[in-house]
Every structure is written in structure tokens, then in C-alpha cells.
Amino acid sequence: MSSEQRTDEPILRVVNLKKYFPVTRGIIFKKTIGTVQAVDDVSFDLYPGESLGLVGESGCGKTTTARTILRLDEPTSGEAYFQGRDIFKMSRSELRDLRSEITVIFQDPYASLNPRMTVGDIIAEPWSIHGGVPRKDRKNKTQELLEVVGLNPNNVSRYPHQFSGGQRQRIGIARAIAVDPKIIICDEPVSALDVSVQAQVVNLLEDIQKEFGVSYLFIAHDLAIVRHIVDRLEVMYLGKIVEEGDEFQVYDHTAHPYTQALLSAVPIPDPRAKNRGNRIMLEGDVPSPTNPPSGCRFRTRCWKAQDVCAGEIPVLEDRGQGHPVACYFPGVEFSASGAPPTTTA
Amino acid sequence: MSDDPSKESQEANDGTIGDESHLYADTVGEHLPVDVVTAAGDESTEKHQFRQTPGVAVGLDELPRNASLWGDAWRQLRRQPIFLISAVIIVVLIIISMFPGFFATHDPHQCNLIDSLLKPSSEHWFGTDLQGCDYYSRTIYGTRVSISIGIIVVFFVSIIAIVGGSVSGYYGGSVDSIIGRITDIWFVIPTILGGIVILSLVSTRGVGTVSLVLIVLGWATLLRLVRSSVLAVKANDYVDAARAMGASNTRIIVRHVLPNAIAPVIIVSAIYVGVIIAAEAALSFLGVGLQLPAISWGLMISNAQRRIITAPYLLVFPGAFLTLTVFSFILMGDALRDALDPKLR
């Protein structure tokens, strides 16, 4: 189910989104001395009921993309259409309504719940903002939600610090589904959790999707986790999308060298598999987003880079791999399963 | 802490770490559906736990009353002798200031020149002053002035600081710059020096005048504290979560920011009551505070100064009351700090 074949309308369409942060100096008289190009010309579609993964290493702009779509940060330019309406042109009241349609699950379950509020108040807060559930029914509804996310309904009057990380994340999930949203943006929802709890939370998210039919924009840096939940994937590097495709295309017909490097770093849980031999070690650090390299942003660390890579910025398009990739020399010499792609396909 | 249930379920989770990470990791490379396996483990871990221990779950329902930060703080404070001592002293002083007639042995304004400068005796516990007034009764009545000025000033200063500081810290930008610069300028005006300058221009000075001047001069310190506290709280994910939920700014400040930012303000306010009481005494001593026939410890100390050799008790009694009062408020502030600041626990 690659994007080209879909005939239904996307529920969220992000077009040429840019977010530049000014770098300023001075205390009273601030002077802009540069910009951080956190998100640069990012476009993608999210379809109803689908999970779209947004992956990339720290600092590549995944979270900024999400925050901008939610208007927690104002975009520099671009458009984002939710059911055809541009989020960036919405008035205050439209924006408030939007925020019952798109909700968020945050990365850090210790920081995302107000420590002074009871679990019941935390989960019920969306209703006191958007209405929808009469005051007298809120306690029952809260308890139902706690049950949905696998917590004891008697916990409504306890405080967040009395819960473990995984349990807190479940509270965050209950809050996110309280208003029956169409999209949930999951900003690295499991990366702060114990490995043992990660799988539980991912499974809970999958169950919720089955039950409520929400779309997920799933942000993560752990490709192994993402694989379980997403239908399609956008790989980001330094503010740009470098590869896009469904789970099979990206994991088994990896075309962009950066994605290949990322996938080669996914540990294989088999001690005898250590001689796989195709781990790609990237040289150097991520270049500064204040001053990104010309042309392809990955060229400074790419083993395939040639002169052409420093010229025009490679466009995200299908270059004969069956899915869009922003690279002049896409190749399939590596796949996630470690075996040659011809045999897996 | 009696929150064993969360600990127990944590242990239950820990027990499954090996199993689940294994199950999960296994599927990473091979891309098998894990739902069935981990979902079963997941649900049984937490739900089962609660079913098994109904006794604990009942205990839970009683827990919440004391489980908040204030509940924890109160439980710690009750056991702290410093807090208990200072609280008792402050409560007694407040009662004295409300009903001084009940504690006094004489009318403080009924003076007999024949009794001038008597030493402490069973008739006049603290002796008499130059005019022959009962010194004990005057000291008791002096409590009223000190406590009311301290409480009035800190009450209004706190309101100014909380409103100004949260607006400044939460909204930032130009509002913050304007409030910030004014505060910086105000902050450098020394309270006592400013008080002398302003109060020397006023010919009749009562509790109201002195309080007003101390409010006008004293708000800057506390406002800066509120602002920095709000800034620190604002950076938390739960504030973003509330914004992403569509909460209004007022709601975010009142429900999310202030409850988390208020603890240091309460601590400093308690100390500040002592500081203001001392400032009033200093101003009255310098002759620019309250005027006779008002009764104030500062005035009493001022008049006692000339007879420090012949009648030292005239200095000692009001001085001791003043010191004790200021000291109690400062100790109270320290005890609150220990209880409210989790980092010091």
C-alpha cells in the first residue's frame, strides 16, 4: 500500500514545511546571526487509519516537525492540511477544535504529566476544555479509559509519581484518546521506557488503533520498534526526508545510504549472527543544521558521494526502486534481514 | 511511603524483563507478529497484579488524601521540631496580635509618671518606661503592629509578584522585557534607604502608610523569584501537553504552571514576613516609621537606646520579641523549604 496507489484523501497533508530557528546574540538588542534549519521542505501525507513512521537520529527535525504541525511552534513556511483545512491559517477557536482532533503522546512520561494533578484530573482535562462529557459522567468515563489502557480504574485519585514509567505512559495514552481524536502524534512514546515495557506500550498502541481507527504519526529513532507499528515510513536526515516508502520497501529494499546505515545499526538479537559483516559505520558527526552542506545533506558522511552530490539538492523521487528516495546513487546492496534483497523479495 | 502496589507491579514487570525483551527482540529481525505473545504477558502483568492483591487495592483508595506534594510535605513537617516550634510561636504571636487585651496586664496607654523607669517586678513584669507605662503590656500591643504589617505587606507583595511574575515568565517576549527591566531597576533600590526617603516626606505615618511604602519597595525580589520559577516550570512537557490539548493561557497558568511554581514563593514569603517586620522596626527606630502614640517594637527600641546603661531591660524585651518573631518566620521558611523542595529530601 504505497502512497501512489491510495485513492482516499489523506487526513493530514504536509506540504513544503519549513521551520527555521533564528540564532540570536545579545541581551537587549537581539541580533540574528544565523538560522537553524530544523525542518527544511518536508512534505508527506497521512491517511486515515494508517501509521506513518518518522525516523531519524537525534536532532534531525522529527520532533520539530510534529510540534509545528500542532502549532506548538509556528512554521517558517509551508502548509499542513487537516481534512483539507490549512492548520497554519487557523484562527484561535479553529485551532482549539483541531486540538481535539489531533492529540499527542509525549516522549518522557515523567515530564508530561502534571505532578500536582490526580490521574483522574489529567485524563479528564481534555473534556473540561472541549466539553463532550458531562461533568457527572467524567469519573466513570475516566475509569473506563484507565481500563482500556490496562490500568486499575481505582487509580483515578492517585498522583503520577506513584506510577512506574510504563504506567505513566499508559496514563498519557488515556489522555490522548479521551477526546476520540482522528490523529495521535506519538513523539517517541517508548524511547524513555525499559525495553521490557516498550513492547507492551507498542502493543497497546496497536490495540487502540484497531479499536478506535486513529491514524498515528509515529516518531522514533529506533527502527526496530517502528517496524512493528508503522505502515509507511519517512526517513529524515538533517531536516529533510531522504527516503519514503512502505515498511517492506524501506526495510527490505533500502535505497538511501543513510537508511542503510541506520538499519545496519539495528542490533540482531542472536549472538551467533555477529559476523554478519555488513555493519555500516558512518564517519564524522552530523553537520551543523545552521550551516548544512550544499546539495545532498548526507554527502559529508556518505561513502558513495561524488561531485554531483555537492551540486543540486537531490529530489525525493522514485529512481527505479519503486519508492521515492533523495539520492543520486540509490542502491540495494544492503537489507535489514542481512540477506541479499533478491532472495527476500 | 505506603505505595507498595506500584512497587509490586514494578517488581512484576521486572520479573518479566528477561522474557519479554527476548520475545520482542526475537521478532525484531524476522518481523513476526508479537501481539499475541506480549499482549498476553502485558495484560497479565498489571491487571492480574491488582486482582491478586485486593487488600492493597483497598489501601490505595485511602492513600490519595496524603499522596500529593502538600500531603507529603505536611507529613514531613509534622515530624520536624523546628517547624513545630516556629509554628507554635507564630500561632501564639498571631493570637496575641488579635487579642492583645487578653494578654496584657495593664492598659498600655494608661501611664503614671510616678512609676517612671521601674525595674521588672511582679506588678510590672517587664518594668516601666520613662512615662511610667507598663512595659509588658506595651510589648504585647507592639506585636499587633509588627504582625499586621508583616502579613499585610507580604500578602500584597505576593499578589503583585505572582501576577506580574507569571505574566512575565509565561508570555516572555516584549512583556517580559518591560516587566523585567522595571523589576531590575526596582530591585536595586535598598528597601530601608528608599523607605527613609519616601517616609520622611510624609508627616503622619500609620500602619497603612508604612505598609504601602514597604509594598511599593518590596515586590521586586519576589517577582523575580516567581518569574524564574515560572520559567523553569514552563519548560516542562506537561505545559506543552496542555497547550497541545487546546487549553487557554489562563488555564495553563492557573492549573499547570502556578501549582508547580508556587512552592519556592511560599518559602520565601514566610521568610519575607520576618524581613518586613524587621524593616518596620528599623524604620520606626530611625524615626520615619510609626509615630507615637502608636506602639511598635521599633519605637520602643528607639526610645530605649538613650537609657541602654541605666535601664537595659527597655531594650532587651522588645528586642527579644522582635528577634523571636523574625527568627520564627525564617525558621518556618527553612522548614517549608526542606519539606517542599524534593531535591533536598
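Are A:Glu125 and B:Arg251 buried or exposed? A:Glu125 is buried, and B:Arg251 is buried as well (under 20% relative accessible area is buried, over 50% exposed, in between partly exposed, with a 1.4 Å probe and protein chains only). This is a predicted model, where local features need pLDDT of at least 70 and side-chain atom pairs count only at pLDDT 80 or more. Residues are numbered from 1 along each chain, and side-chain values use heavy atoms, leaving out hydrogens and water.

**Salt bridges**
- Over all chains, the structure holds 22 salt bridges (a side-chain nitrogen of Lys or Arg within 4 Å of a carboxyl oxygen of Asp or Glu).
- A:Glu125 forms a salt bridge with B:Arg251, with the closest N and O atoms 2.9 Å apart.
- A:Glu125 sits in helix H3 of chain A and B:Arg251 in helix H13 of chain B, so this pair joins two chains (helices are DSSP runs of H or I, at least four residues, numbered from the N terminus).
- B:Arg227 forms a salt bridge with B:Asp176, the closest N and O atoms being 2.6 Å apart.
- B:Arg227 lies in helix H11 of chain B and B:Asp176 in helix H9 of chain B, so the pair ties together parts that are 51 residues apart in sequence.
- B:Arg227 is partly exposed at 25% relative accessibility, whereas B:Asp176 is buried at 14%.

**Helix packing in chain B**
- Helices H6 (residues 81-98) and H15 (residues 313-340) of chain B pack at an angle of about 135 degrees, their axes 9 Å apart (axes are lines fitted to C-alpha atoms over the stretch in contact, and angles run from 0 to 180 degrees between N-to-C directions).

Definitions and conventions
Chains are lettered from A and ligands numbered from 1 in the order in which they are written.
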